[in-house]
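My plan was to look things up one at a time and jot down what I found.

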Amino acid sequence: MKSLMIKTLAVLCLASLSVSPSLAQGPAKVMVLDFQLNDLTDLPNAPQELERIAYLSSTYKQKLADNGVEVVPVNERLKADVAVQSATYLFDNVPYAAKQAEGSGADYLLIGVALKPTYLFVYPRILLVDIKTKKVVMARAAQLESSWSDRNTTKRTAEKLADMVSEELEKLAAD
């Protein structure tokens with residue numbers, strides 16, 4: 001009986017050594033910027049649209065956390081850039097954005113821009129950036145076609161984007 005227990009223990013110890021390093025490190029740490037509204041309509045940045053984009057951002061972050069992604073707080077350098085730059089600045093300047101995220105403890109940076117070219121549509125676009133390499137590892141977009149008062153469609157869009165990110169992070173961890 002003792003020899004069976006010892007053999008079982010030895011097998012379990014050996015099996016634990018084969019756990020991939022990515023699993024041993026835990027979930028990826030991701031700094032998630034709020035979606036910035038890039039409103040190209042004649043009446044840009046309507047309060048209702050800004051409210052919808054804030055809801056999109058908060059729902060997106062919550063779904064990422066629910067999916068097991070470790071969300072790292074946005075650092076002061078990126079907060080300062082968001083406050084003074086255009087809505088698309090960080091999205092269009094990925095190496096700079098990644099540099100600003102260095103030292104935060106995050107492995108990845110998620111940049112989001114909600115493009116509103118007309119009154120009918122909003123296109124939330126996201127970039128998942130590897131902070132070390134300063135390269136985009138995933139780019140996705142969705143079409144948000146609804147009234148700004150339609151919270152259900154906004155929520156579903158946010159959750160869909162968060163699921164895309166979570167799936168990509170799982171693939172990256174497996175590599």
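**Confidence.** I began with the pLDDT, since this is a predicted model. The chain has a mean pLDDT of 88, and 86% of its residues reach 70 or more. Then I looked at residues 4-24, where the pLDDT is below 50. Beyond near neighbours in sequence, that stretch has three contacts in the model. A reminder to myself: where pLDDT is low, the predicted coordinates should not be read in detail.

**Overall layout.** I listed the elements next and found seven helices and six strands. Read from the N terminus, their order is α-α-β-β-α-β-α-α-α-β-β-β-α. The chain has 175 residues, of which 38% count as buried. I also checked how far apart in sequence the contact partners sit. Among contacts with a separation of 6 or more, 64% are between residues 24 or more positions apart.

**The largest nonpolar core.** Which residues touch the most other members here? I found Tyr60, Leu64, Leu110, Ile126 and Val165, in a core of 23 residues. Two or more residues each come from strand 1 (29-32), helix 3 (47-66), strand 4 (108-116), strand 5 (123-130) and helix 7 (151-174). Helix 7 gives the most, with five residues. Apart from this core lies another one, of 18 residues, and its members include Met31, Val74, Leu78 and Leu127.

**Leu110 up close.** I picked Leu110 out of that list and looked up its partners, leaving aside neighbours within four places in sequence. Leu110 is in contact with Val30, Met31, Val32 and Leu33, among others. Further along the chain, its partners include Tyr60, Leu64, Ile126, Leu127, Leu128 and Val165.

**Leu128.** Leu128 lies in strand 5. Is Leu128 buried or exposed? Its relative accessibility is 0%, so Leu128 counts as buried. Not counting residues up to four places away in sequence, Leu128 touches Tyr108, Leu109 and Leu110, as well as Lys135, Val136, Val137 and Met138. Glu168, Leu169 and Leu172 are also among its contacts. I noted one distance too: the C-alpha atoms of Leu128 and Tyr108 are separated by 6.6 Å, although the two are 20 residues apart along the chain.

I then followed helix 4 (residues 76-84) and helix 6 (residues 94-101). Their axes come within 8 Å and cross at roughly 140°. Helix 4 and helix 6 are therefore oblique to each other. From helix 4, Arg77, Leu78 and Asp81 take part, and they meet Tyr96, Ala97, Lys99, Gln100 and Ala101 in helix 6. By type, the residues of this contact are four nonpolar, one polar and three charged.

Asn45 has a positive phi of about 60° although it is not a glycine. I found Asn45 in the loop between strand 2 (36-39) and helix 3. Because its relative accessibility is 38%, Asn45 counts as partly exposed. Lys134 also has a positive phi, near 60°. Lys134 is in the loop between strand 5 and strand 6 (135-141). With 25% relative accessibility, Lys134 counts as partly exposed.

Terms used. Residues are numbered from 1 along each chain as its sequence is written. This is a predicted model: local features need pLDDT of at least 70, side-chain atom pairs count only at pLDDT 80 or more; totals for chains, interfaces and linings use all residues. Side-chain values use heavy atoms; hydrogens and water are left out. A nonpolar core is a set of buried Ala, Val, Leu, Ile, Met, Phe, Trp, Tyr and Cys residues joined through side-chain atoms within 4.5 Å. Buried means under 20% relative accessible area, exposed over 50%, partly exposed in between (1.4 Å probe, protein chains only). Helices (H or I, at least four residues) and strands (E, at least two) are DSSP runs, numbered from the N terminus. Contact means heavy atoms within 4.5 Å. Axes are lines fitted to C-alpha atoms, for helices over the stretch in contact, and angles run from 0 to 180 degrees between N-to-C directions. Angles under 35 degrees count as roughly parallel, over 145 as roughly antiparallel, 65 to 115 as roughly perpendicular and the rest as oblique. Ala, Val, Leu, Ile, Met, Phe, Trp, Tyr, Cys and Pro count as nonpolar, Asp, Glu, Lys and Arg as charged, and the others, Gly among them, as polar. pLDDT is the predictor's confidence in each residue, from 0 to 100.
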